[in-house]
Amino acid sequence: MVETAADSIHIDLPVAIVTGATGGMGRLIVADLARDHRVIAVGRDQSILRQLAHEHGAEPFAADLAAVFDARVAAEMRDVADGAAGRESSCTSDRAEGAASAEANGSGTDSMRGERDAIAELATVVDRVDVVVHAAAIARRNSVADAPAAEWQRHFSLNVGAPAALTAALLPKLRASHGIAVFINSGAGSNPQPGNAVYAMSKHALFGVVDSLRKEEANAGVRVTTVSPGPTDTPMLHLMNHDAEAAQTSAAVPKPAYEIIDPAEIARAVRFVVDAGPSTQITNVDVRPRIELGDRISDAFDA
């Protein structure tokens, strides 16, 4: 749960919720926003959450949002199945009508079946939300030919379903504050590469969600932005490149500055979006290395 002992200090600050706060980009986004926001840092690594609380005053919220989304899906599918079974076994119109209503609403009397719904908690843990930054993601290399079914689901749940569900839960407060929703996408969302089909699928889908949300919420005052980094020096990238040691130790072989992005630049891009004036919204920010992969030559300049 969020630690609220310092609530009086934060009373006049805008509130930012950052998912993926324990990742390579998320930690720096939290650190930057904490300079002038009350930040709710959402992640799975509780030791890093405690560090963010100690160093930046962020309020830790431990949660696995993909697991919550999957639990919601499973519960709703059970409710639909239960509703169908109820209609088949009963001849009364009242019972059939109730089952149809449960199916249409996608929920039953206890949609999470006793499991903690952290998405719902995040929508109620603070009185206002001015900014939400969706930085949580998974990235694994898989081709269409070789990808297990579970990989398609894992990528969709964390990279698409969870941010969509959390944004939906936060919309009333984002509307009230005329707030900003920032989604961290990827160059893979518009430029897929061989062997990266599953991750690219999820990021293409995220573009569709975000662009639709922007149009849906335009008249409600909510601004919606996509920030799309190229290859960035984070543990997720190293894992994607099958360099588990570098992911654990941050000891990746150094690359020239023009080949890989410093994650601090992504935090700066998010800051640029958040600080946009009230008459505009920054819809898409592409953050690329100085020289992109397909354009590199052996005697590239030393930056």
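This is a short talk about one predicted protein model, from its overall make-up down to a few residue pairs.

Okay, housekeeping before the tour. Because the model is predicted, local features need pLDDT of at least 70 and side-chain atom pairs count only at pLDDT 80 or more, while totals for chains, interfaces and linings use all residues. Residues are numbered from 1 along each chain as its sequence is written, and side-chain values use heavy atoms, with hydrogens and water left out.

Let's start with the whole thing. The protein has 11 helices and 7 strands. Of the 303 residues, 46% are buried. Buried means under 20% relative accessible area, exposed means over 50%, and partly exposed is in between, using a 1.4 Å probe and protein chains only. The accessible surface comes to about 15,200 Å², and 52% of that belongs to carbon and sulfur atoms; the areas come from the Shrake-Rupley method with a 1.4 Å probe, and for residues only the protein chains shown count as cover.

What about contacts, meaning heavy atoms within 4.5 Å? Take the contacts between residues at least 6 apart in sequence: 70% of them join residues at least 24 apart.

On to charges. Side chains of opposite charge can pair when their charged atoms come close. For a salt bridge here, a side-chain nitrogen of Lys or Arg has to be within 4 Å of a carboxyl oxygen of Asp or Glu. The structure holds 14 of these. And here's Asp32 again: a network of salt bridges links Asp32, Arg35, Asp36, Arg271 and Asp275.

Look at Arg38 and Glu59 next. They form a salt bridge with the closest N and O atoms 2.5 Å apart. Arg38 sits in strand S2 (residues 38–43) and Glu59 in strand S3 (residues 59–62), so this pair ties together parts that are 21 residues apart in sequence. Are these two buried or exposed? Arg38 counts as buried because its relative accessibility is 11%, and Glu59 is buried too, at 3%.

Another salt bridge joins Arg128 and Asp130, at 2.7 Å between the closest N and O atoms. Arg128 counts as partly exposed because its relative accessibility is 37%, whereas Asp130 is buried at 11%. Glu121 and Arg116 also meet in a salt bridge, 3.0 Å from N to O, and Arg116 is partly exposed at 39%.

Phe69 is buried at 14% relative accessibility, while Phe156 is partly exposed at 32%. Leaving out residues up to four places away in sequence, Phe156 touches Phe69, Gly161 and Met201.

That's my tour, thanks!

Conventions. Helix = DSSP H or I, 4+ residues; strand = E, 2+ residues; numbered from the N terminus. Contact = heavy atoms within 4.5 Å.
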